Amino acid sequence: MTTVRTGGAARPTASADRTHDGVGPLLRAWRERRRVSQLELALRADSSARHISFVETGRSRPSEELLLRLAEHLDVPVRERNSLLLAAGYAPRYRETPLDDPALESLRDGVERLIQGYEPYPAFVVDATYDVLAANRGILMLLDGLPESVLAPPLNAMRLTLHPEGLAPRIRNLPEWRGHLLAQMERQIALHRSAPLRALYEEVAAYPIPETKEGAADPSADSVDASSASAFAFALPMRIEHEGRLLSFVSSISTFNTPMDITVAELAIETLLPADPATVKYLHSMMS
């Protein structure tokens with residue numbers, strides 16, 4: 001088994017218990033966050049602006065069906081949909097099954113086969129706060145040589161990447177890649193209103209930026225060929241040094257379509273696609 005499990009299921013966010021305000025203010029907050037008018041939301045959800053207004057002001061209690069429909073059109077995260085239901089006096093609709101539960105065995109097996117099948121290219125699975133739940137050998141290769149203090153569980157993808165004793169000193173374009181990761185976290189914070197994610201963001205954003213070791217890599221591996229240049233045109237690469245060679249990757253993140261479980265909804269599979277032929281050749285040689 002080449003997959004390494006390094007964590008558990010996603011942790012609840014601090015906003016999951018905010019039911020004392022009532023469903024109206026919560027719904028209005030999500031609508032305003034999405035910059036959708038009452039009329040526009042009503043048209044999307046086959047309701048009326050008057051009814052939406054009554055729900056938001058507490059003059060009317062929405063049916064469970066309408067509330068879920070409104071949440072769907074506002075792209076409310078699954079965890080927060082339970083909060084809306086509780087605030088309206090309904091039972092939660094979505095379970096939060098631990099990832100090691102037998103009920104998710106087929107999911108675990110499928111995800112592990114997926115990231116193993118991606119080898120020799122790096123791939124890993126994270127939860128809502130970027131704790132690494134599984135990783136393939138491609139990831140382990142990139143982490144080789146890091147100090148034990150950084151690799152102590154639970155592994156966290158953002159800490160591993162941006163910590164000055166982690167991968168950060170090896171990333172040649174660290175300012176650009178760091179900016180990309182922090183912007184990604186900011187978008188997720190705006191979507192999920194997660195206090196743990198906000199705390200992680202503040203932690204990693206405060207890390208000092210280490211100086212990269214210019215000239216440490218093999219000069220022959222530092223050139224950018226036409227294939228790599230074309231990749232740069234459509235996606236920001238991570239250019240990282242490994243054993244004297246410069247590797248280039250572009251990142252892709254996958255989530256599950258229409259999840260009915262909070263744990264599954266908060267899983268993300270990230271794959272690193274080689275951005276140039278030299279990286280492809282090197283990875284295959286390392287895994288052969």
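**Ground rules.** The model is predicted, so I kept local features only at pLDDT of at least 70 and side-chain atom pairs only at pLDDT 80 or more, while totals for chains, interfaces and linings use all residues. Numbering runs from 1 along each chain as its sequence is written, and side-chain values use heavy atoms, with hydrogens and water left out.

**Overview.** I looked up the secondary structure and got 14 helices and 6 strands; these are DSSP runs numbered from the N terminus, helices being H or I of at least four residues and strands E of at least two. Of the 288 residues, 47% are buried (under 20% relative accessible area; exposed is over 50%, partly exposed is in between; 1.4 Å probe, protein chains only). I then checked contacts (heavy atoms within 4.5 Å): among those with a separation of 6 or more, 66% join residues 24 or more positions apart. The accessible surface is about 14,100 Å², with 53% of it on carbon and sulfur atoms; the areas come from the Shrake-Rupley method with a 1.4 Å probe, and for residues only the protein chains shown count as cover.

**Salt bridges.** I counted 9 salt bridges, taking a side-chain nitrogen of Lys or Arg within 4 Å of a carboxyl oxygen of Asp or Glu.

- R69 and E65 pair at 3.5 Å, N to O. Both sit in helix α4 (residues 64–73), 4 residues apart, about one turn of the helix. R69 is partly exposed at 27% relative accessibility, and E65 is exposed at 59%.
- R81 bridges to E72, with the closest N and O atoms 2.9 Å apart. R81 is buried at 10% relative accessible area, whereas E72 is partly exposed at 48%.
- E266 and R79 meet at 2.9 Å, N to O. E266 is in the loop between α13 (262–265) and β6 (268–274) and R79 is in helix α5 (residues 78–87), so this pair ties together parts 187 residues apart in sequence. Both E266 and R79 are buried. Shared partners put R79, E96 and E266 into one salt-bridge network.

**Helix α4.** Which residues of α4 are buried? I noted L66, L67, L68, L70 and A71. They pack against α1 (23–33), α2 (38–44), α3 (49–57) and α5. After the helix comes D75, with a positive phi near 55 degrees.

**D261.** I found D261 in the loop between β5 (245–254) and α13. D261 is buried yet has no salt bridge; R95, the nearest side chain of opposite charge, is 5.0 Å away (Lys and Arg count as positive, Asp and Glu as negative; His and the chain ends are not counted). What does the side chain of D261 reach? I see it at 2.9 Å from the backbone nitrogen of T263. Leaving out residues up to four places away in sequence, D261 touches R95, E96 and T97.

**Cores.** I looked for nonpolar cores (buried Ala, Val, Leu, Ile, Met, Phe, Trp, Tyr and Cys joined through side-chain atoms within 4.5 Å). The largest has 39 residues, and Y130, M185, V204, L247 and F249 have the most contacts inside it. Helix α10 (residues 174–192) gives the most to this core, with 6 residues. M185 touches Y130, M158, L197, L200, Y201 and V204, not counting residues up to four places away in sequence. Apart from this core lies another, of 25 residues, including W30, V55, L74 and A88.

How values were computed
Polar contact = N/O pair within 3.5 Å; in protein donor to acceptor, adjacent residues only side chain to side chain.
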